[in-house]
Structures are given as C-alpha cells and as structure tokens.
Amino acid sequence: MKNETNYDLCDYRTVERLLKKYGFSFSKALGQNFLIDEEVCPKMAENLGADKKTAVIEVGPGIGVLTKELCRVSGRVAAIELDKRLYPVLSETLGSFDNFELIEGDAMKLDLKELIDERLSEFDDVKFCANLPYYITSPLIMRLLEERLPISEIVVMVQKEAAQRLCAEMGTRNAGAVTAAVKYYGDAQILFEVGRDSFMPSPKVDSAVIKITLNKGSKYSVSDEKKFFSLIRAAFAQRRKTLVNSLSNSLNISKNDITNALLKLSLNPNIRAEELTMEDFVNLFDLLF
C-alpha cells in the first residue's frame, strides 16, 4: 500500500467539502446514504474475518468509507459502483490503496462469476461486504445466493426490517421467500444495529448489519431448485391467504392435491406459508412435484 490519503470520511464537513468539490448531490433514486459513523465500518470489516489471502466484493462504495476498512484487512477489494459521478471522488479518496479496484457498472447486471474468475481467482477466499441501497437488498442477496457464486460469507448493512426478515426463523411471522432462500443456502444472524443518524443524509429508518455464512454443501435436497423456489415465492406471494389458495392460484395445482399433501405431512389444510418450517416446504415440494 502507498502512503494512505488522509481523509476523515466520517467527518460531516470533510465529506461536504469533498462532494462540493466534485459537484455531487445525493440521488434518492439510487438510495444514496453515506455512512459517517467512525465505529460502524471497522466493525463490519472485523466481522468479515478477511485477511490478505481474501478478496472482497463491495457494491455501492459511495465515497469509500467502508472500502477503506476493507482494503486495510483484505488482499483486494473489487468495488462495484453504478454512479459515474462518484468515480473521481473514489479515485481521490482511495487512490493510495493499490489493492482497490473500481468496477464500473450495475451489480444487478454484471456477470459476477466472470468477475471472480477473471480478477479474483488468485485468492484463497472471496467474501461480499456492502452498505446496500435499500431498493436492491432482496434482489441482490437472492442473486448472490441462487447463482451459487464461490463466496463464503456475506456481511451487509440493510434496513432493520429487512434484516429481521432475512434472519428470521422459518415458521415465524417475519419469515418470507427471502428468508427461505437464506435458510436453504446458509445461516444468517444480525450482528448489530445502526441508527439513522449514522448516515448522511439520514434515512427515515434504522439499519442493521447481518452476516450470512454460506453452506459448502447442500443442507437440503430437492430435485429442481428452480421449481422449488417457484413454490416458495408462490407460497408467500399472498401472505394472508391459506397455502392451499396461494399455491393453487399461482402454480395451477388443484386444491385437492395440495390439501392431500398437507394432510400426509400432518399439517392443517388451512395453514399459511409463514407457519411452515424449511423441512415442511422440502417435503411438500417432494409430494407435489
């Protein structure tokens, strides 16, 4: 690493001057809220458990406050940023780190496996860490999981409500389709909460940092993962309806077949999706498909 650029990216006035220098204004459409809490990013980097043999993928580095901490603890950071206005800012704030690489583009459209294979293959381990814009939280995490990318851990800051949903236990009210995906591919836990005052500008909600540790093998066995998650999404699409009605409407399966399958599993035919465990969904899938 070269001599580190001396920017206090958690100081409100420093950040204001930096953004003014480049004529930057916050975009609501991109969900931009920059972290200015000096304790949060070091804690995120510490919980990631990276070392110099680890590469980290980050999405939405902003001005680089979390990126800086990731560069200090890992071998390389590939940070994906969509907003072109931030490229010169990142060049200034992170220019002293020779293990930082800016990836220009949309994380939802980039080929992440290709990124890992072509730019990070020399590292023993790849992890994902980000302060995620709220609007892409669920779709991006679902993508990271479903594509079975060669990453071992995901540490992300998300809206507190989303954190509770992602880390919920199946069979509880907070559970949803994304909960099932997390349970299928790994294990999640809430590490710590982050107040809205830790951001610039302050959002209207609090946040939380979660950690998802991905399975090395398959915890559950289903014959067709794509069909299985179609069942999961259909089950939670209309939460207030019974499972029989939700699945029948969305998957064109007869109510009688679904009822019989539930009875075989000793489940109430009037049960709702949020009441099923992961094992219940796997067994139901086996019976229906």
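How much of the accessible surface of the protein chain belongs to carbon and sulfur atoms? The share is 44%, out of an accessible surface of about 13800 Å². This is a predicted model.

## Overall build

The protein chain contains twelve helices and nine strands. Its radius of gyration is 21 Å, close to the 19 Å that the globule rule gives for 289 residues, so the chain is as compact as a globular protein of that length. Along the principal axes, the C-alpha trace spans about 70 × 40 × 30 Å.

Of the 289 residues, 51% count as buried. Contacts between residues at least 6 apart in sequence show how the chain folds back on itself: 68% of them join residues at least 24 apart. Charge is the next topic. The chain has 38 positive and 42 negative side chains. The centres of these two sets lie 5 Å apart.

The largest nonpolar core holds 70 residues. Phe 128, Leu 132 and Phe 228 have the most contacts inside it. Helix H9, residues 225-237, supplies the largest share of this core, with seven residues. A second core is separate and has 36 residues. Leu 9, Val 15, Leu 90 and Met 200 are among them.

Which residues does Phe 228 touch, not counting those up to four places away in sequence? They are Tyr 184, Val 222, Met 278, Phe 281, Val 282 and Phe 285.

## Helix H12 and its cover

Helix H12 runs over residues 278-288. Its buried residues are Met 278, Asp 280, Phe 281, Val 282, Leu 284, Phe 285 and Leu 288. What covers the buried residues of H12 includes helix H8 (177-185), H9, helix H10 (243-251) and helix H11 (255-264).

Lys 227 lies in H9. At 44% relative accessibility, this lysine counts as partly exposed. Neighbours within four places in sequence aside, Lys 227 is in contact with Phe 285 and Phe 289. Glu 193 is 34 residues from Lys 227 along the chain, and their C-alpha atoms are separated by 35 Å.

Helix H3 covers residues 65-73 and is mostly covered itself: seven of its nine residues are buried. Those seven are Val 65, Leu 66, Thr 67, Lys 68, Glu 69, Leu 70 and Cys 71. The list includes the charged residues Lys 68 and Glu 69.

Helix H6, residues 137-146, carries Arg 143. Is Arg 143 buried or exposed? Arg 143 counts as buried, because its relative accessibility is 13% and the cut-off for buried is under 20%. Leaving aside neighbours within four places in sequence, Arg 143 is in contact with Ala 107, Met 108, Lys 109, Leu 110, Asp 111 and Leu 112.

The peptide bond from Met 200 to Pro 201 is cis, with omega near -10°. Pro 201 sits in the loop between strand S8 (199-200) and strand S9 (207-214). Met 200 also belongs to the second core.

Arg 148 is not a glycine, yet it has a positive phi of about 50°. Its place is in the loop between H6 and strand S6 (153-159). Arg 148 is partly exposed, with a relative accessible area of 41%. Asn 252 also has a positive phi, of about 60°, although it is not a glycine. The loop between H10 and H11 holds Asn 252. At 74% relative accessibility, Asn 252 counts as exposed.

## Gly 49

Where is Gly 49 placed? Gly 49 is in the loop between helix H2 (40-48) and strand S2 (54-59). Its relative accessibility is 47%, so Gly 49 counts as partly exposed. Glu 114 comes 65 residues away along the chain from Gly 49. The C-alpha atoms of the two are separated by 24 Å.

Technical notes
Residues are numbered from 1 along each chain as its sequence is written. This is a predicted model: local features need pLDDT of at least 70, side-chain atom pairs count only at pLDDT 80 or more; totals for chains, interfaces and linings use all residues. Side-chain values use heavy atoms; hydrogens and water are left out. A nonpolar core is a set of buried Ala, Val, Leu, Ile, Met, Phe, Trp, Tyr and Cys residues joined through side-chain atoms within 4.5 Å. Buried means under 20% relative accessible area, exposed over 50%, partly exposed in between (1.4 Å probe, protein chains only). Helices (H or I, at least four residues) and strands (E, at least two) are DSSP runs, numbered from the N terminus. Contact means heavy atoms within 4.5 Å. The radius of gyration is taken over C-alpha atoms; the globule rule is 2.2 Å times the number of residues to the power 0.38. Accessible areas come from the Shrake-Rupley method with a 1.4 Å probe; for residues, only the protein chains shown count as cover. The place of a charge is taken as NZ of Lys, CZ of Arg, CG of Asp or CD of Glu.
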